[in-house]
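I opened the model to look up a few points about its sheet, its helices and some single residues. My entries follow in the order in which I checked them.

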Amino acid sequence: MLASINTWLNRVQIDDPVARRQAVLVQVMLLGLVVAVPLCVLLTLVVRAGSPYLGQMVLGMSLVAVSAGAALVLVRCGRFRAGVLTAAYGLLASLAILSLLTGLLHNPLVMIALLLPLAMAGLLLGRVSRITVGVLTIAVVAVVCALESLPTPLAGYAVNRGGAWGSTVIAFGILVALFGTFYDRFSATLRAALAESLGREQELERLRAGLEEAVAARTAELRASVDQLQASQATIRELGSPVLPVLPGVLVAPLIGAIDTARAADLSAAVLAAVDRVRARSVILDITGVPVVDTHVARALLQVAQAVRLLGAEAVLVGVSAEVAQTLVTLGVDLGAIHVHANLQEAVGALISTTIATAR
């Protein structure tokens, strides 16, 4: 039975998770009012059966029940704010009627009860609603006190001078129990929400710490990968511009792939270092494996040839295909400073012949 009621209370169409949790307590309070107020009405009809103000008393209490029922419907429909305001305004109107009957100057209990709508709006709604209900409560107190202070009082005229104090105690006890239960449950819900929020914050801290560790580990891995990549690139650059001796005093620099600015600089440095190291007389630049020879590549080859000549050696170019030759002619590149041969075999043969002729 209780499980079914709890399921029914939680089945509300409210998007805000905080309001949805508060809606359960609000519905319990409203149901309590709907049930308790008719009991108070019956008690009043029995105790004050002969009072000329019985109709006004019943009207005030009935207004609480009606507003509580309307507020319950609004909350069930997902209009949490409107429902709480309806309940608060209905309770304030009922207490205003009661204060007109009993007065406030000599009845502080009713003045204390007037704080209940303000407490309801303050706990469940925002600042604007709390200020609005507070202003209306002050207005009710001011008007009733002013009417009660007139020479012919227009408030407090229905004060019970008899000894029927039991009904007052019972009614006050019902209200204390009802609102005390509501505040207790609201406080428990608030503590649970705070505990849940703290747990989530701690979980977020753990996740953040784990994420920072994972990021640090990943950063270290990436840094190691970058270092390896840089080492690999340096090795590739070294292997990409090899300078090999083929004859005494003769070096070969086979070029494969595209030649960019960085590779051209590496080629020049490698060739010059090898020429200076072995005191070479000739350097054969083999461009058979270079797919595209443009102005940039041609300029790089000419710069290498000029640098080699400054070291006392000569540059020989081999591997020029028909397409490359046509491109060089179209570009107007002057390779007059470089000896050109069809292939590496022809260049080596020519150098051997030159060496033999020189020896004779």
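I began with helix H9 (residues 261-278), which lies across S2 and strand S3 (282-289) and runs at about 165° to S2. The angle is taken between N-to-C directions, on a scale from 0 to 180 degrees, with axes as lines fitted to C-alpha atoms, for helices over the stretch in contact; contact means heavy atoms within 4.5 Å. Helices (H or I, at least four residues) and strands (E, at least two) are DSSP runs numbered from the N terminus.

Before going on I noted that this is a predicted model, in which local features need pLDDT of at least 70 and side-chain atom pairs count only at pLDDT 80 or more, while totals for chains, interfaces and linings use all residues. Residues are numbered from 1 along each chain as its sequence is written, and side-chain values use heavy atoms, with hydrogens and water left out.

Next I looked up the sheet: five strands form an open sheet with mixed pairing, in the order S1-S2-S3-S4-S5. Its edge strands, each pairing on one side only, are S1 (244-247) and S5 (339-341), and the twist averages 30° from one strand to the next. Two strands pair if DSSP finds at least two bridges between them; S1 and strand S2 (residues 250-256) are joined by three and run antiparallel. I traced one of the partners, and Pro-245 is bridged to Leu-251 in S2. The hairpin of S1 and S2 has two residues between the strands, and Gly-249 takes a positive phi near 80° there.

I then checked helix H4 (residues 80-102), whose 23 residues should span 33 Å at 1.5 Å a residue; the end C-alpha atoms are 33 Å apart, so the two agree. The expected span is 1.5 Å times one less than the number of residues. After H4 comes Gly-103, with a positive phi near 80°.

Within H4 I picked out Ser-94, which counts as buried because its relative accessibility is 7% (buried means under 20% relative accessible area, exposed over 50%, partly exposed in between, with a 1.4 Å probe and protein chains only). Leaving aside neighbours within four places in sequence, Ser-94 is in contact with Gly-60, Met-61, Leu-63 and Val-64.

Last, I looked at cysteines: Cys-77 counts as exposed at 55% relative accessibility, whereas Cys-145 counts as buried at 17%. I found zero disulfides in the structure, a disulfide being a pair of cysteine sulfur atoms within 2.5 Å.
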